[in-house]
Amino acid sequence: MLDQQIPNTKILAIMGPTASGKTAAALAIAKHTPSEIISVDSALVYREMNIGTAKPSAAELASVPHHLIDIISPAESYSVAQFLLDTKRLVTEIQHRGNLPILVGGTMMYFNALIKGLDDLPVADPSIRAKLDDEARRSGIPALHARLASIDPITAARLKPNDSQRIQRALEIYTITGVSMSTLLAQQTKAAAPFQMLALSLEPSDRSVLHQRISDRFDIMLEQGLLDEVRQLRLRGDLHANLPSMRCVGYRQAWEHLEGLCDKQQMRELGIIATRQLVKRQLTWLRSMPERIVIDCLATNPSAEILRHAELEGLIH
């Protein structure tokens with residue numbers, strides 16, 4: 001069922017950079033038609049990480065069914081491939097219930113995989129990943145990058161020496177298959193998702209205004225107890241700074257502050273800078289998606305514009 005094109009149906013996708021108002025827009029649309037929200041956010045999958053991920057509130061989560069939020073421990077990893085499998089299944093289930101699936105989030109790699117497909121690479125192996133995590137702690141990510149360069153120079157050349165997640169993934173693939181990641185990719189063809197999306201992108205007409213929103217939001221997170229949240233995560237004993245969860249923007253900087261690597265003011269500045277850099281990457285991804293419809297997230301009522309497009313496409317009656 002999941003591998004067949006679903007006839008004459010589209011789903012709604014609300015994408016955009018951090019702090020562009022995606023959650024509010026999705027909740028507004030859900031008031032107009034029976035809907036279920038599928039999170040497209042690589043940070044919201046983690047339990048116990050609420051403040052720094054700007055997770056929807058309990059009231060928001062209760063107002064409309066949400067999926068792919070709070071599904072794994074921060075000690076675990078969640079891959080793009082797993083996201084695709086989960087999303088394909090959820091879309092089919094939601095449509096069978098007669099509801100509109102609304103994809104909402106800012107993890108552009110996930111959206112890109114839905115639109116363009118994903119290479120068929122082996123799934124993650126927890127034991128190999130644990131060994132690579134241990135090696136990263138002992139030797140550092142640049143050493144892993146150097147090892148990757150000797151195994152797979154093509155992949156190593158396109159990765160930054162501190163891109164721990166992708167470096168470890170490439171080494172993991174080689175350990176599992178005995179074949180370099182670049183060789184496997186060259187041998188494969190991609191398969192896109194078995195549904196169509198109305199892709200609406202909330203983007204700022206003035207990036208400086210969005211930057212101010214980011215600063216304000218980071219300050220609010222600090223006031224709400226981001227540092228206490230990270231302290232509690234550290235007390236678990238099974239987390240470390242190289243895990244994907246702890247590399248999330250805000251968490252990495254808070255962790256470093258609690259390690260004594262920077263003071264609180266520096267942590268705040270680094271967190272805001274990292275968030276702005278994330279927004280820049282998100283906007284770069286979005287510009288590579290010509291099929292998207294751009295809506296100014298700084299307009300008076302962007303939700304109304306999203307609703308208009310959804311009505312024109314027949315998603316809302």
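## Ground rules

This is a predicted model, in which local features need pLDDT of at least 70 and side-chain atom pairs count only at pLDDT 80 or more, while totals for chains, interfaces and linings use all residues. Residues are numbered from 1 along each chain as its sequence is written, and side-chain values use heavy atoms, with hydrogens and water left out.

Helices (H or I, at least four residues) and strands (E, at least two) are DSSP runs, numbered from the N terminus.

Met15 deserves a look of its own. Not counting residues up to four places away in sequence, Met15 is in contact (heavy atoms within 4.5 Å) with Lys22, Gly105, Met108, Phe111, Ala199, Leu200, Ser201, Leu202, Leu286 and Met289.

## H13 and its two partners

Two packed helices are described by the angle between their axes and the distance between the axes. Axes here are lines fitted to C-alpha atoms, for helices over the stretch in contact, and angles run from 0 to 180 degrees between N-to-C directions. Angles under 35 degrees count as roughly parallel, over 145 as roughly antiparallel, 65 to 115 as roughly perpendicular and the rest as oblique. A crossing is left-handed if the near helix is turned anticlockwise from the far one by less than a right angle, and right-handed if clockwise.

H4 packs with H13 at an angle of about 15°, their axes being 10 Å apart, so the two helices are roughly parallel to each other. Their crossing is left-handed. On the H4 side, Met108, Met109 and Asn112 meet Gln282, Trp285 and Leu286 of H13. The residues of this contact divide into 4 nonpolar, 2 polar and no charged (Ala, Val, Leu, Ile, Met, Phe, Trp, Tyr, Cys and Pro count as nonpolar, Asp, Glu, Lys and Arg as charged, and the others, Gly among them, as polar). H10 and H13 pack at an angle of about 135°, with axes 10 Å apart, and are therefore oblique to each other. Here the crossing is right-handed. Residues making the contact include Leu210, Ile214 and Phe218 of H10 and Gly271, Thr275 and Val279 of H13. This contact of H10 with H13 divides into 8 nonpolar, 4 polar and 6 charged residues.

## H6 against H8

Helix H6 (residues 141-151) and helix H8 (residues 164-177) pack at an angle of about 40°, their axes 10 Å apart, which makes H6 oblique to H8. The crossing of H6 and H8 is left-handed. Among the residues in this contact are Leu144, Leu148 and Ile151 of H6 and Ile167, Leu171 and Tyr174 of H8. The contact of H6 with H8 divides into 8 nonpolar, 3 polar and 1 charged residues.

## Residues in the loops

Back to Thr18: with a relative accessible area of 11%, Thr18 is buried (under 20% relative accessible area, with exposed meaning over 50% and partly exposed in between, for a 1.4 Å probe and protein chains only). Leaving aside neighbours within four places in sequence, Thr18 is in contact with Leu210, Arg217, Thr275, Leu278, Val279 and Gln282.

Ile69, in the loop between S3 and H3, is buried at 14%. Its C-alpha atom is 7.0 Å from that of Tyr46, 23 residues apart along the chain. Asp70 is found in the loop between strand S3 (66-67) and H3 and has a positive phi near 60° without being a glycine; Asp70 is partly exposed at 32%. Glu48 is also not a glycine and has a positive phi of about 70°. Glu48 lies in the loop between strand S2 (35-39) and helix H2 (58-63) and is partly exposed at 42%.
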